[in-house]
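Walk through this structure with me, one region at a time. Keep the model open as you read.

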Amino acid sequence: MSSPENRMSVLACPIDRELMGTVWLYPLPAEKIDEAWFRLRKAYWAVTGSDANLPYAGLLMVLRASGHTSASLFPTSKKKPPRFLALSRRLDRQHLHHAIALWEQALLHKPSDDITLAHPSELADLISSVEPEQVDLWDHLRRGARSVDADGWVFDAASWNLTRQLATTPFTLDGHQLALRADTENNLLAWRPEDLWSSSWLEARPDKEDTPSADPEAQARWAVRKYAALRIKVSMKSLHGLATPLAVLHPSASRLSNTLRNARTAWLAPKAPDAPLLSLHLGGRGDHTHLDHTSRLALDAWVRLRGERVFARQPDEKEFLPGSAMDLSKKPGHLRALIPYSVSSPLGRGVGLYTVAELAHHASTVLGQPLIGARKVPGVLVGHARTTKNGRDEMLLDDGDLAEILEAAGCSKLRILVLYQSQDMRTRMQRLIAYHFNRPDLANGMPEDTVVELGPHAEALLHCAPEFLAHGAHHAQRPALAAQIPGLTAPDTGVLALCETTFDQKAWSRQRREARAKVEGAVDPYPLDAKPYVSRHLADHGVIAQFLTPSSKQYRSKKKERATTTPLEALGKELAADFPGHMAVGDMIRSAGLVHPRLTPAISFGPRGLKDRIAHVGLHLRLQLGDRRGPLTEEPKLMWTLVAFIPYGKRQWATHAYLPDAGHGRRGWFNYAAAQAIHRSAPLPEGSRQDAALPRHIDQALYSLGLQDYILYVSGTGTRSLWPGLANKNWDNAPDAHGKIDGRPALPGLALPERSRPRAVIRTAVTGPDLPLPALFENLMPDGETTEGDKTSNGLFRLEGSDSSFLLCSRPHQMDGKTPHAKAGRTRSRFAPESPEEQAETWYSLTSTEIAVLHCPADADPTTYALTAARLCNHALAWEHRTQQPLPIHAGIQMDKNHPDYRRTINWESGTED
């Protein structure tokens, strides 16, 4: 009997002509508009002293809020005036004129008392006099056999229409009928007080916050009732290989703040119940939190147009956002703020599997469209991955071919420097090293400042370095202190350092907030942090640092004890629960570039496995915005690297990384360990994705590697604009014989000489608002019947209608935990549990990694290469669970994150860190 076929449906529906809706296009007379626009821009520059683009967003926001319509100008570039305005509702000419006139006065910094609806505006006269034309958005799509594309305003207008349509029907969840309200940025929010999740979660989850002191005010804050709302981002998107646009929904739990201080996102509800919520953006910190320029322009114009009082200001308060608006601790009202990204919250952001599935049914019903489906790729994903016993990777460190593994990594021996401050941490790190390197006899004693043999291929040296490791302002002394550490170098030896450090994220964040608020005696601990300096100064000596923090926990396994047979097993049971320690040792070994030969069978096993022993190369690119908050501003940093896993000998793998600019003239390919040290010792290079030479530099790096057969994996984040072939819209445009599309290299490496081109190019992307969530699973039986499938599948699925687009469905490893609430959200929503503790848990949903096979041999099955990418997500070097990106990309990401200057790019609009 044939086995059933597994099918997955994602939280996305196809869009047809009717769902896309219509839009009113206002064609703008080019010559007259150009003259008026340039005059206004010149006046704006004169007033502000800036040469920035006109703040179009403020005008569009006031049109959306006051006119209950989508609003887009196209184009919105700095040098090209717009050619048309697109609105989903036709506005009264006077309304349109007033909105533009008010926006113009506000951006020219006209005093508030002098702003008038009668302001003479050439631009308002021109635009409001245009006779609009109602057109179908569908007619402005560019559809191919395997792709779909449109200008940005089409996506915006269609997303607006979809959001409004979904808002017309309440969402029923566990007996609650949620009246979702749309905002000006195409979100649906549970807004009514009875539709919010509410509890005193701090009392329920004391581990998520500092315990309350004896101070009555602190205890009152501890017991205060907090609120959270279901938020659903609605957008029109495209997926690789599909010739239809999609309505994609992305739900989350938005945690509401009890203060406007430090918030970055807020919503304001107009009095009219059918009006969209105004999505506001804020800047500043503490009592200086304020509306950003665009939101202030828009809100000022909106108030004058709608005649609604927003805030009750005192006569002496001149700011548009008065101090009285900061306190949001009462029952949620017409103004609400999202907890900023930097503040810890006792409530998780997830909504759980059940809510995602119910939302999928709801969206399909309301929109009248089936969900997008995918079929599971036959074959086993998990095999030969890293496994540990009581935290120890026995397969790697006990392998008889460890000498060859080290040779492939570029050395013949490892030296572990254990740098400590306290005796307790010395004992802990000593025991960890003794356990992982199979020397239990050394667990209770190693001599100080003496090289101790851990085996034929490893050694350790313990050294007390309190002044070097201590936090403080003595950074200028650290280079000399680093030079005094014994054992920094040894011939043909990879030197690693396991360093003690102290770090309490909650306490440090609280101290930073107090320092910025100028609380007496408060000191910001981050400028005093020793870790970046320790890492950089050790890297100057070629030493790769890994940090471990002390803990008051007793790291002992909670499993039922049984008799041990060897000293190593006894030590392992004592250390079994020291997860941070085991992870630190594993990551330290990963930094050294050690790759076990199990990688080969992990890729090749099974009938669909890739049997060829070829190289695997990953491209990682990240833009880090400059810090603009201090007196000395930074330029943006552009970090990109290629990491290659290359067959070495008959069984081993060598790991190499490319550094485009590591300072001191050092650039090129290095073994992974050397690249780590060089990378950490130099500042992050400045750069921009707009650099026209960047694709050429990456091609040159691939060419200089000298490989004639390799697979290239490209992280889609931040790279799609660099090569046309990475964009979904160009899937129907085949590269020419020179590997180019419209004169540009189609994909990385494809414009190289034919013998240096990659055999396959695979683009990956991880779960986010652009990628639909896995929602429903079913088994399709041979007789046509369907049964419920594995709702927590970890499989690889091919999108229906495409032969080159795949989704790797992943179950967060926390869902496999043994805690009472690890499976929260599988069978009910947050409305169901009466326990605040369960409601405050992180309700996990499945995530996915998109795998798009953009290039492969014409006679090959793309499934083989997609399966290879998926298996490389299962083969982390220092992690027992699946990574979001394949191993070559993941190794580049980790190298980037280990840099002393690494700082995640802040997405101020969403209040999250990328």
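Helix α17 passes helix α21 in a left-handed crossing. A crossing is left-handed if the near helix is turned anticlockwise from the far one by less than a right angle, and right-handed if clockwise. The model is predicted: local features need pLDDT of at least 70, side-chain atom pairs count only at pLDDT 80 or more, and totals for chains, interfaces and linings use all residues. Residues are numbered from 1 along each chain as its sequence is written, and side-chain values use heavy atoms, with hydrogens and water left out.

Two packed helices are described by the angle between their axes and the distance between the axes. Here α17 covers residues 531-540 and α21 covers residues 672-681. They pack at an angle of about 125°, with axes 8 Å apart. Axes are lines fitted to C-alpha atoms, for helices over the stretch in contact, and angles run from 0 to 180 degrees between N-to-C directions. The two helices are therefore oblique to each other. Angles under 35 degrees count as roughly parallel, over 145 as roughly antiparallel, 65 to 115 as roughly perpendicular and the rest as oblique. Helices (H or I, at least four residues) and strands (E, at least two) are DSSP runs, numbered from the N terminus.

Which residues of α17 and α21 meet? Ser535, Arg536, Ala539 and Asp540 in α17 touch Ala677, Arg680 and Ser681 in α21. Contact means heavy atoms within 4.5 Å. By class, this contact has two nonpolar, two polar and three charged residues. Ala, Val, Leu, Ile, Met, Phe, Trp, Tyr, Cys and Pro count as nonpolar, Asp, Glu, Lys and Arg as charged, and the others, Gly among them, as polar. Helix α21 is mostly covered, with nine of its ten residues buried. Buried means under 20% relative accessible area, exposed over 50%, partly exposed in between (1.4 Å probe, protein chains only). The buried residues of α21 include Tyr672, Ile678 and His679.

Now the aromatic rings. The whole structure holds ten aromatic pairs. Rings of Phe, Tyr and Trp (its six-membered ring) pair if their centres lie within 6.5 Å; planes under 30 degrees apart count as stacked, over 60 as edge-to-face and the rest as tilted. Tryptophan 37 and tyrosine 56 have ring centres 5.6 Å apart and planes at 15°, so this pair is stacked. The pair links distant parts of the chain, 19 residues apart: tryptophan 37 in helix α2, tyrosine 56 in helix α3 (residues 56-67). Tryptophan 37 is buried at 2%, and tyrosine 56 is buried at 6%. Trp37, Tyr56 and Trp103 form one aromatic cluster.

A second pair joins tryptophan 197 and phenylalanine 831. The pair is tilted, at 5.6 Å centre to centre and 45° between the planes. Tryptophan 197 sits in strand β13 (residues 197-199) and phenylalanine 831 in the loop between β37 (805-810) and α23 (836-839), so the pair ties together parts 634 residues apart in sequence. Tryptophan 197 is buried at 2%; phenylalanine 831 is buried at 16%.

Go back to helix α2 (residues 30-48), which also holds aspartate 34. Is aspartate 34 buried or exposed? At 17% relative accessibility, aspartate 34 counts as buried. Beyond neighbours within four places in sequence, aspartate 34 contacts Pro81 and Arg83.

Last, find isoleucine 851 in strand β38 (residues 847-855). Isoleucine 851 is buried, at 0% relative accessible area. Its contacts beyond four places in sequence include Ile762, Leu796, Phe806 and Ala869.
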